[in-house]
Amino acid sequence: MMRKMTGEDNQQNVEDMLVDIAYALDQSAIVAITDRTGKITYVNELFTKMSQYKAEELIGASHAIINSGYHSKEFFKHMWATIGRGNIWHGEIRNRAKDGSFYWVDTKIVPFLNDKGIPNRYISIRYDITERKLMEEKIRKDAEVYRKIVEENRDLSYNDQLTTLLNRHAFSKTLRASLEGKKRSSVGLVYLNIDRLRNVNDSFGQDSGDYVLSIVAKRLKKALSADDIIGRISGDEFAFTLTQAKNEEEAERMTEDIKASLEQPISIKGEIYTISTSCGIALFPKHAKTVSELMMKSEKALHYVQEHGRGTYKMYEPGTATKTLERILLENELGKSVQLGNFTLEYQPKMNLSRKTLSGVEALVRWNHPDLGRIPPDKFIPLAEETKIILPLGEWILREACKQANEWKRQGHAPFRIAVNMSAVQLEAPDIVQTIKRILDEEDLGPEYIEIELTESSFADRDEMQSTIQQIRNLGIQVAIDDFGTGYSTFSYIKELPADALKIDRSFVKDIDVNENSRAIVKAIVTLADTAGLNVIAEGIETEEQAKILRSLGCREGQGYFFSKPMPPEDCEFMFSKSVEYE
């Protein structure tokens, strides 16, 4: 066989080659030979080093001498049955050395057969995998700690902390799970807005507005059944299901009753205040067959109510004009502004918390309309995503960031990454990877200068998105998960994450100096990320104390108003040589 494989006809050459192969194997693997009963007849030097037994102690003994007691009798019974039939057995075994320490080996046992096809000896070839197994165990333990902390403090990542209701992400996820598999049964979804809540804040103070929100949350819990799902979607907006509504008439009647219970007078600082609410209703599956569509249509019905005077409710009707004048205006101007160049980028520095030096910047888009003035991102980004204008806008943002990176390179500044946010809508575009590569090529910028920031839901929702994210990483671009921790993440999801960094959501940072649970969550995330080889960035740092605590918990980088607010590129440059003074 060796002659055929090597082309050698000389017997001596073949024997020499066999000796060389045996030597190479002996130097790289733990080798032992046993007779058919399992008695050891040969061990190499690596075996003695690993087991800490001398060769004379091992020869004549069985492998029971290094049995750790970790594996069951059935494990070894199956192994012997396999090699007893003349088949090769392959598996991972934990053994015990002479001093009592444990080590893991990847083991392959090869039976040698006599002329009757019966095994008469076995050779085992093992490789030390102790380090890998210890790492796997550490990941498992860290993940279990993280899971327990998140489970015990679910309010921190799953619920709105003011009202204890589900936050928007959790509400959507819970609603999706609830509707899964439902074919015929009708479920109503109501979007509810507290009309002009800012009047309460202006008249009585911000804390009074929070008090009204908490009262509304309590009244919703009391008015709805145990089967209903309730969430606080945004500042003054709630959403809830009507699981007992079989048709439009019942949904409207129930909404009217709930409105009446919510609008009972509230005592605020000794004064009586009566709130007004507006509601939009949509039915599953009559109006929508998916959660995202159901939420969108109930929200559209709410917009219709707000446009037509507020204070009442509206059932979704196909074809109903639900856009407010402000929305129509913004939508019309949004597309034109991309072409006319009414957008600019500001950059918020990211700091290395240990060295107290700049580690990168995040590019943030700003819309400065010549007539409407400065329009906040939370108004135009969702609209851009819904209308798909985010696609050309996203291309412009990436290209502009690349140009700025080249400009800073030209000025001689030390290289660092510019983080660019990307929405799930962009990620779904079939040519997104090619678009990114094309922009990098056209701007002549290396991928190491760019980091893409994606929301956590981009990783968790669709398998094809994860494939796209990995393709982006294959270009050499680093990928970070923005707002990490706001959704519940399983161990397997975190371990297999196609990402390079996690950005801890600001909700865990804002009270980290007074809330032990927030510190525990951050520590668990940092520990798990370290084990998985991910960088950790904290956002929303506003005080020196927060920066100190995050650094002590092992967080490497941070950004927030404590370091700097987002700035135009020319104002940002003073940060390039700046160190932050805190101990």
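I began with Asp195, which is buried, with a relative accessible area of 6%. I note that the model is a predicted one.

I then looked up the partner of Asp195. Arg310 forms a salt bridge with Asp195, and the closest N and O atoms are 3.7 Å apart. Arg310 lies in the loop between α12 and β12, and Asp195 in the loop between β6 and α9 (197-204), so the pair ties together parts 115 residues apart in sequence. Arg310 counts as partly exposed, at 28% relative accessibility.

I found an open sheet of five strands in the order β7-β8-β6-β11-β12, with mixed pairing. β7 (230-234) and β12 (313-315) stand at the edges with a single partner strand each, so one side of each has no neighbour in the sheet. From one strand to the next, the twist averages 20°.

Within the sheet, I examined β6 (residues 187-194) and β8 (residues 237-242), which pair in the antiparallel sense over six bridges. Asn193 stands opposite Glu237 in β8.

I recorded two helices against these strands. Helix α8 (residues 168-179) lies across β6, β7, β8 and β11 (277-284), at about 140° to β7. Helix α12 (residues 291-307) lies across β6, β8, β11 and β12, at about 145° to β11.

Lys314 and Glu317 meet in one of them at 2.7 Å, N to O; Lys314 counts as buried at 17% relative accessibility, whereas Glu317 is partly exposed at 40%.

Definitions and conventions: Residues are numbered from 1 along each chain as its sequence is written. This is a predicted model: local features need pLDDT of at least 70, side-chain atom pairs count only at pLDDT 80 or more; totals for chains, interfaces and linings use all residues. Side-chain values use heavy atoms; hydrogens and water are left out. Two strands pair if DSSP finds at least two bridges between them. Helices (H or I, at least four residues) and strands (E, at least two) are DSSP runs, numbered from the N terminus. Axes are lines fitted to C-alpha atoms, for helices over the stretch in contact, and angles run from 0 to 180 degrees between N-to-C directions. Contact means heavy atoms within 4.5 Å. A salt bridge is a side-chain nitrogen of Lys or Arg within 4 Å of a carboxyl oxygen of Asp or Glu. Buried means under 20% relative accessible area, exposed over 50%, partly exposed in between (1.4 Å probe, protein chains only).
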